[in-house]
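Here is a colleague's note to read beside the model. Keep the structure open and find each residue as you go.

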Amino acid sequence: MENLMTTPIEGFSKLSKADKINWIAQQYTQHPKETIAILKQYWNADEKLQNLHDEFIENTITNFYLPLGIAPNFLINNKLYAIPMAIEESSVVAAASKAAKFWQTRGGFKTTILGTEKVGQVHFMYHGDSEKLTKFFKLVKPRLINSVAPIVKNMEKRGGGIKNIELRDKTSDLDDYFQLHCTFETLDAMGANFINSCLEGFAQSLKEEALGYEKFTDREKDIEIVMSILSNYIPNCVVKAEVSCPVSELKAHHGITAEDFAKKIVRAVNIAKVEPYRAVTHNKGIMNGIDAVVLATGNDFRAIEAGAHAYASKDGRYTSLTHASIENGIFKFWIEIPLALGTVGGLTTLHPLVKLALEILQNPTAKELMQIVAVAGLAQNFGAVRSLVTTGIQQGHMKMHLLNILNQLGATEEEKISLVDYFKKHTASHSAVVLAFEELRNKK
């Protein structure tokens, strides 16, 4: 591709949508007319709905589609769910569905909320006597809480609010660094805006109170607020999801006895516990299931990812988020994972497909959604590990990937039917698909 002549632009955000599109097409693409046509192809015909999507973010030029699929037959705490999943990766929805069907006849998934505590911190620098700061904090803590009373009022009415504020001395890690470590209950809201507003209120009050505290020296009075921000690490906002059944009910897979199958699963999980190279990919598979539901329900999958991977490292090394055991002839497979999710606010009331996804899930509370999402991750992991220890991951994955390859090759519907049938009995590597496609074309 030849280099295009591009120039910096001032005031891009102030341009109309049409002007933004024209500029990007002219400055950064080889065929501007085709670029503009592609971008417009993905607009919604309903102008009001398109405008809604345009206003979710800044500098919008079009919509970017992801498939929204359904994984049915999830029996969770004796209630049947069909789970919406927004994801572009082949075989994820199929693997989750297969695992759901497998466990539906073996008691289904059981879940427990272990905690719902969210975290935020005020990071600040204090130059002086730490004992004096501790006494000052004990004195002003009620005032800090009172300073955000108007923000907390509605949350408290619903049973949420501020759980605690504690002063933490971090000077052993960084000179003069202290923090207010704050915990919250935000109920059905993910709570980011609520928490950040509270933290900024605490920070302002802390600074003001310090200036009027007579026992501080002038230097000690000058508390420097560095930042006030929620944390996506929430080790006390955790859900457990599990499945179990007698080993004998696992039934043989591909010539393997139920006992051997159970042992292979446990061994695979144990490898992910001790080997970080495996653990990262193992947990990525879990997040395939989790992210897909988080995205479909309008939640922040980046926050969930960050929190989950930090939790996988909480004991000093990166390890598996799932666990498996065989005890007294019973096979158990479970996950404990932090999930800060919301079912009110944000995109949940704005995005029509998010509203529909939540309706399909029977309008869950945030706690119920935590449980559903954890189950999706556990099911996905069970499906992936089962493939790995039996047929290998590629057999199923490449068959799911087959249509993507055929679409890239420009196969007709008739050719797709013929080749899908052919690869039911043959290994579907990329090169094998290309070769079979070319042979089929040459026969015509």
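**Notes on the predicted model**

1. **A residue and its contacts.** Ile223 touches Phe124, Met125, Tyr126, Leu133, Phe136, Leu206, Lys207 and Ala210, leaving aside residues up to four places away in sequence. This model is predicted. Look for Ile223 in the loop between helix H8 (218-221) and strand S7 (224-231). Is Ile223 buried or exposed? Its relative accessible area is 0%, so Ile223 is buried. The cut-off for that word is under 20%.

2. How far apart in space are Ile223 and Ser325? The answer is 52 Å, taken from C-alpha to C-alpha. In sequence, 102 residues separate Ile223 from Ser325.

3. **The whole protein.** The protein has 444 residues, and 44% of them count as buried. It contains 16 helices and ten strands. Its C-alpha trace spans about 90 × 70 × 40 Å along the principal axes. Now take the contacts with a separation of 6 or more. Residues 24 or more positions apart account for 70% of those contacts.

4. **The four-stranded sheet.** Find the open sheet of four strands with the order S5-S6-S4-S7. The pairing is antiparallel. Which strands stand at the edges? They are S5 and S7. Each has a single partner strand, so one side of each is left without a neighbour in the sheet. From one strand to the next, the twist averages 15°. In general, strands of a sheet pair through backbone hydrogen bonds.

5. Strand S4 (residues 118-125) pairs with S6 in the antiparallel sense. How many bridges join S4 and S6? There are eight bridges. Helix H5 (residues 130-147) lies across S4, S5 and S6. H5 runs at about 170° to S5.

6. Strand S8 (residues 238-246) pairs with strand S3 (residues 110-113) over four bridges, in the antiparallel sense. There, Lys110 stands opposite Glu242 in S8. S8 also pairs with strand S10 (residues 330-338), again in the antiparallel sense. This pairing runs over nine bridges. Pro246 stands opposite Ile330 in S10.

7. **Two loop residues with positive phi.** Asn78 is not a glycine, yet its phi is positive, about 65°. Asn78 sits in the loop between strand S1 (68-76) and strand S2 (79-86). Its relative accessible area is 59%, so Asn78 counts as exposed. Asp176 also has a positive phi, near 65°, and is a residue other than glycine. Its loop lies between strand S5 (161-169) and strand S6 (177-185). Why is Asp176 called partly exposed? Its relative accessibility is 28%, and that label covers values between the buried cut-off of 20% and the exposed cut-off of 50%.

8. **Two packed helices.** Packed helices are described by the angle between their axes and the distance between the axes. Helix H9 (residues 258-274) packs against H13 at an angle of about 110°, with the axes 10 Å apart. That angle makes H9 roughly perpendicular to H13. The crossing of H9 past H13 is right-handed. Which residues meet? From H9 they are Phe261, Lys264, Ile265 and Ala268. From H13 they are Phe382, Val385, Arg386 and Val389.

9. **The nonpolar cores.** The largest nonpolar core has 94 residues. Which of its members touch the most other members? They are Phe74, Leu180, Phe202, Phe331, Ile337 and Leu339. Helix H13 (residues 366-389) gives the largest share of this core, twelve residues. A second, separate core has eleven residues, including Leu406, Leu419, Ala436 and Phe437.

10. Select Ile337 and show its surroundings. Leaving out residues up to four places away in sequence, Ile337 touches Cys237, Val238, Val239, Met287, Ile290, Ala308, Tyr311, Leu321 and Ala374.

Notes: Residues numbered from 1 in each chain as written. Predicted model: local features only at pLDDT ≥ 70, side-chain atom pairs only at ≥ 80, totals over all residues. Heavy atoms only, no water. Core = buried A, V, L, I, M, F, W, Y, C linked by side-chain atoms within 4.5 Å. Buried < 20%, exposed > 50% of the residue type's maximum accessible area, 1.4 Å probe, protein only. Contact = heavy atoms within 4.5 Å. Pairing = 2+ DSSP bridges. Axes fitted to C-alpha atoms, helices over the stretch in contact; angles between N-to-C directions. Parallel < 35°, antiparallel > 145°, perpendicular 65-115°, else oblique. Left-handed = near helix turned anticlockwise from the far one by under 90°.
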